[in-house]
Amino acid sequence: MCALQSQNLLTKQLATLFPQDFIWGTATAAYQVEGAIHEDGRGPSIWDTFSATPGKTFQGDTGEIADDHYHRVADDVALMSRLGLDAYRFSISWSRIYPQGQGEMNEQGLAFYERLVDTLLEHNIKPFVTLYHWDLPQALEDKGGWTNRETAYAFADYAETVARRLGDRVAGWITLNEPWCAAYLGYGNGVHAPGVKDRQSAIQAAHHLLLAHGLAVPRVRAASKPGTQVGITLNFQPLYPADDRAETLRDLAIADEFSNRWFADPLFLGRYPEHYFEHMALHAPTVQEHDMEIISTPIDLLGVNCYSRSVIRGLPEVPLADATAHVVPVPSACYTEMAWEVYPNAIRDLLLRLHNDYHPQQLYVTENGAAFKDEWDGGDAVHDPRRVAFYQGYIAASAEALQAGVPLKGYFAWSLMDNFEWAEGYSKRFGMIYVDYQSQRRILKDSALWYAELLAAFHSQA
Ligand code: GCO
């Protein structure tokens, strides 16, 4: 049990560090919370297939029921309102809209998200919508999935369909969530759906994900009300050197290409990192004329998912392709249940780096949070002091970046409530709200109460 970092800032003080137009929210994703995977015309996704495959997820957990959010929208939005959220980031299940990924559209699927958006607006909560959070329609995977360039075009068609229906009410669109994970975990090391283990396929899948984003941006923007923000969410892993040896600095730079620049460079600079594929001992992807121009189309917001950091030590005898071989533990650090170091300065350093290297118009922290062992005694409380300390530290560090000039416009805690944590199933709890999966009862953890106190203090300043 690591010692809780003492928080110098009182909650009221913390609230004063953010401008009045700052947006406070929480985030979820369709497959992680909705359940109802066979309902109202929804088609199968790669995560239905993957999680139903023996050995792929913790104890064979699947998203079949999850938080049953599909049937509990009114109650869950009421809880968001209880927390005082300004915004809610959720994702749309592509296979609810196009059960086969393309072709015949499923009106019942679109109607569900229209109800969710309207319920949010009734509570003065801004909808921020992720169009792709990893749950590719299985029918498209059957045709090669993200290794097939046609999937990028199918995504842009799907995105425009959704924007035409909801673009008059959505505050912000995020085309893709963490394409790095969709590409590398899905096609490179296979720990996520569709479970392909071929690093070269991951390179081509990444390119088609980026292309899908670039094709979708102008079509989503054109179908939305003027001023609607359109962007993408990337995951980043801030890297720090264990020492100042030349091989450490060399390996850190290469690990940075793999962990952080692989997607950011094409999006903001219009090119991949110069020697990246050579360093990975892989071929460059097949790139068609105008692809990089499409990929780097200007965007209004960069969503930043940041949880931790890694400390890298150069190991001359280990090829960098296995980037994790270079990560070293930090003896005195506090780690979450995901074995992620709690290091609040990582989010400050990352936001400053992104601002200085890529100059995005606006940044949002679209995910930040922690999994800790939460115990529920059947009562009305769940005490999670380490998660409260986590949020206090990372939000204070985000404020430092803001005050240093980073155009940070909002913060979404991951997650609103405990949910299906992909290959970890339900073994990892990230929520501010505890979910008893047997009864589907929701219990506000102390971190939810603290967040509500922070937001109340913030909103009382108006
Ligand atoms: C991600 C995903 C979320 C995860 C969260 C905790 O960032 O990996 O967007 O779906 O559940 O990050 O791992």
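Visitor: Let's start with arginine 169. Buried or exposed?
Guide: Arginine 169 counts as buried because its relative accessible area is 18%, and buried means under 20%, exposed over 50%, partly exposed in between (1.4 Å probe, protein chains only). Bear in mind that this is a predicted model, where local features need pLDDT of at least 70, side-chain atom pairs count only at pLDDT 80 or more, and totals for chains, interfaces and linings use all residues. Residues are numbered from 1 along each chain as its sequence is written, and side-chain values use heavy atoms, with hydrogens and water left out.

Visitor: OK. Where is arginine 169 in the fold?
Guide: In the loop between H8 and strand E4 (172–177). Helices (H or I, at least four residues) and strands (E, at least two) are DSSP runs, numbered from the N terminus.

Visitor: Which side chains make polar contacts with arginine 169?
Guide: Glutamate 114 does, at 2.8 Å, and so does aspartate 118, at 3.0 Å. A polar contact is a pair of N or O atoms within 3.5 Å; within protein, one must be able to donate a hydrogen and the other to accept it, and residues adjacent in sequence count only if both atoms are side-chain atoms.

Visitor: And what else is arginine 169 in contact with?
Guide: Leaving out neighbours within four places in sequence, the list also includes Val117, Leu121, Pro127 and Lys225. Contact here means heavy atoms within 4.5 Å.

Visitor: Switching to the ligand. Which residues come nearest?
Guide: Of the 13 residues around the ligand, those are Gln32, Glu178, Tyr307, Glu367 and Glu421. A residue is near a molecule or strand if one of its heavy atoms lies within 4 Å of it.

Visitor: Which polar side-chain atoms lie by a ligand oxygen atom?
Guide: Glutamine 32 has one at 2.7 Å from an oxygen atom of the ligand. For tryptophan 422 the distance to a ligand oxygen atom is 2.9 Å, and for histidine 133 it is 3.0 Å.

Visitor: What about the backbone of tryptophan 422?
Guide: Phi of tryptophan 422 is positive, near 50°, in a residue other than glycine. Tryptophan 422 sits in the loop between E11 and E12, and counts as buried because its relative accessibility is 3%.

Visitor: Where are the cis peptide bonds?
Guide: One joins alanine 193 and proline 194, with omega about 5°. Another runs from tryptophan 414 to serine 415, with omega near 15°. Proline 194 is in the loop between helix H9 (179–188) and H10.

Visitor: Speaking of H10, where is its kink?
Guide: At alanine 216, shortly before proline 218, and it is about 30°. The bend at a residue is the angle between axes fitted to the seven residues ending there and the seven starting there.

Visitor: How many residues of H10 are buried?
Guide: 18 of its 24, so H10 is mostly covered.

Visitor: And the largest nonpolar core, which members touch the most others?
Guide: Phe155 and Tyr451, out of 136 residues. H10 (residues 199–222) gives the most to this core, with 12 residues. A nonpolar core is a set of buried Ala, Val, Leu, Ile, Met, Phe, Trp, Tyr and Cys residues joined through side-chain atoms within 4.5 Å.

Visitor: What is phenylalanine 155 in contact with?
Guide: Beyond its neighbours within four places in sequence, the contacts of phenylalanine 155 include Trp94, Leu131, Trp146, Ala212 and Ala216.
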